Amino acid sequence: FTEWTTISSFLAAFALGIILAFTTTRSIVGRIGTLQRIVQKMGEGDLSQRTQIAGRDEIAELGAGFDEMARRLDEQRAELMRTQRLAVVGQLCAGVA
């Protein structure tokens, strides 16, 4: 009876370990895949994309960093466009005067 209990306890612990490893790996790989797709879209110029990865781990921090970077780049791009429009208006006014 003791040998059977030991073997069944070992098998249960082993099965639980496999299930835990599978779910953890799946979660990590899924979140990294999401991050990769969003970052690729950001790289193509779509700065409206956000990772929206929740959590308090390194992957969530990385996602938050990319979100902040995209927000700042979008703001700088908008400011650059405003500056260019003002420069064009200035040139038109100088040509009229």
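Colleague: How many aromatic pairs does the structure hold?

Modeller: This predicted model holds 1 aromatic pair. Its members are Phe-10 and Phe-14.

Colleague: What makes Phe-10 and Phe-14 an aromatic pair, and why is the pair called stacked?

Modeller: The ring centres of Phe-10 and Phe-14 are 6.2 Å apart, and rings pair if their centres lie within 6.5 Å. The angle between the planes is 20°; planes under 30 degrees apart count as stacked, so the term applies. Both residues lie in helix 1, 4 residues apart, about one turn of the helix.

Colleague: Why is Phe-10 called exposed, and what is Phe-14 called?

Modeller: Phe-10 has a relative accessibility of 55%, and exposed means over 50%, so Phe-10 is exposed. Phe-14, with 48%, falls between the limits of 20% and 50%, and is therefore partly exposed.

Colleague: How do you know that the span of helix 1 agrees with its number of residues?

Modeller: With 42 residues at 1.5 Å a residue, helix 1 should span 62 Å. The end C-alpha atoms are 61 Å apart, which agrees.

Colleague: Which residues of helix 1 are buried, and against what do they pack?

Modeller: They are Arg-31, Gly-33, Leu-35, Ile-38 and Met-42. These buried residues pack against helix 2.

Colleague: Why does Thr-51 count as buried?

Modeller: Thr-51, in the loop between helix 1 and helix 2, has a relative accessibility of 6%. Buried means under 20%, so Thr-51 qualifies. Among the residues that Thr-51 touches are Leu-35, Ile-38 and Phe-66.

Colleague: What lies 3.2 Å from a polar atom of the side chain of Thr-51?

Modeller: The backbone oxygen of Gly-63 does.

Terms used. Residues numbered from 1 in each chain as written. Predicted model: local features only at pLDDT ≥ 70, side-chain atom pairs only at ≥ 80, totals over all residues. Heavy atoms only, no water. Helix = DSSP H or I, 4+ residues; strand = E, 2+ residues; numbered from the N terminus. Buried < 20%, exposed > 50% of the residue type's maximum accessible area, 1.4 Å probe, protein only. Polar contact = N/O pair within 3.5 Å; in protein donor to acceptor, adjacent residues only side chain to side chain. Contact = heavy atoms within 4.5 Å. Phe/Tyr/Trp six-rings, centres within 6.5 Å; stacked < 30°, edge-to-face > 60°. Expected span 1.5 Å × (residues − 1). Lists of a residue's contacts leave out its neighbours within four places in sequence.
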